[in-house]
Amino acid sequence: WAAVLVAYAQTLDGPDATGLARLRSAIEDFKATGARIRLPYYLALLADAHLRAGDAAAGLGVVEEGLSRGRETNERWWDAELHRLRAELLLTGGAGAAEAEAALRRALEIARGQQARSLELRAARALAGQVHVVFVTAPDQYAIIAFEQGAVDYLLKPAEPERVALTCQRLRARLKQEPDPMHDLLAQLSQRLGAGGLKPRA
């Protein structure tokens, strides 16, 4: 597995055909040992390298391979990131925004279900500027920043029905405007949660 990480690190300065082939070879060598644990994660690294190389078709194939492997072994902890990468690759390949947004929403749904906050933020950063955002969370320390950055609302759990109704009212009013990207806020939250690693497409 170390060879996979080293090969991926070598693509960070700019993936070329040699670097991509080296990373794929390292993954195949890993599979040849009979090991399968973390394979969806390693395939996500390869998909990310293809994304940075601008090869959407190859990257999408790797994403599907990663999701398939996860289904086979029930190792689903990196599914959210694979769906986020799928969205980024779709956009790179010129697919419609609706298809990419559906993949990002799936990434958010999975991350929230797994309570994977860093992966949820990665998907949210990719969606930023395309949708209106309502924060639903227990901590209240980001509320002021959220409103300053353009969030529609900040709901603290557990929320009373009356409070949810107010949020819906605010959201209906905001739908007439373009969503705020909130890049600064999402970047701060990602940093606080240690969400580094794979970066969304610029």
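Me: Are helix 2 and helix 3 roughly parallel or roughly antiparallel to each other?

Reply: In this predicted model, the axes of helix 2 (17-32) and helix 3 (39-53) come within 10 Å and cross at roughly 170°. Helices (H or I, at least four residues) and strands (E, at least two) are DSSP runs numbered from the N terminus, and axes are lines fitted to C-alpha atoms, for helices over the stretch in contact, with angles of 0 to 180 degrees between N-to-C directions. Angles under 35 degrees count as roughly parallel, over 145 as roughly antiparallel, 65 to 115 as roughly perpendicular and the rest as oblique. The pair is therefore roughly antiparallel.

Me: Which rules apply to the model?

Reply: Residues are numbered from 1 along each chain as its sequence is written, and side-chain values use heavy atoms, without hydrogens or water. Local features need pLDDT of at least 70, totals for chains, interfaces and linings use all residues, and side-chain atom pairs count only at pLDDT 80 or more.

Me: Which residues of helix 3 make the contact with helix 2?

Reply: Contact means heavy atoms within 4.5 Å. Helix 2 brings L20, L23, R24, I27, F30 and K31 to the contact. Facing them from helix 3 are L39, Y42, L43, L45, L46, A49, H50 and A53.

Me: Which residues does L23 touch?

Reply: L23 is listed among the residues with the most contacts inside the largest core. Residues up to four places away in sequence are not counted here. The partners of L23 are then V4, A7, Y8, L45, L46 and A49.

Me: Is T11 buried or exposed?

Reply: Look for T11 in the loop between helix 1 and helix 2. Leaving aside neighbours within four places in sequence, T11 is in contact with G19, A49 and R52. Its relative accessible area is 1%, so T11 is buried.

Me: Within what arc do the buried residues of helix 6 fall?

Reply: The buried residues of helix 6 (97-113) are A100, A103, L104, A107, L108, I110 and A111, whereas A98, E109 and G113 on the other side are exposed. An α-helix has 3.6 residues a turn, so residues three or four places apart point the same way. The arc is that of the directions from the helix axis to the C-beta atoms. Seen down the axis, the buried residues line one face of helix 6 because they fall within an arc of 165°.

Me: What is the phi of Q115?

Reply: Q115 sits in the loop between helix 6 and helix 7 (117-127). At a relative accessible area of 61%, Q115 is exposed. Although Q115 is not a glycine, its phi is positive, at about 55°.

Me: What is the phi of N74?

Reply: N74 belongs to the loop between helix 4 (56-73) and helix 5 (79-92). Its relative accessibility is 62%, so N74 counts as exposed. N74 is not a glycine either, yet has a positive phi of about 60°.

Me: Which residues does a cis peptide bond join?

Reply: Go to the loop between strand 2 (153-156) and helix 9 (161-174), where P158 is placed. Omega is about -5° for the cis bond between K157 and P158.

Key:
Buried < 20%, exposed > 50% of the residue type's maximum accessible area, 1.4 Å probe, protein only. Core = buried A, V, L, I, M, F, W, Y, C linked by side-chain atoms within 4.5 Å.
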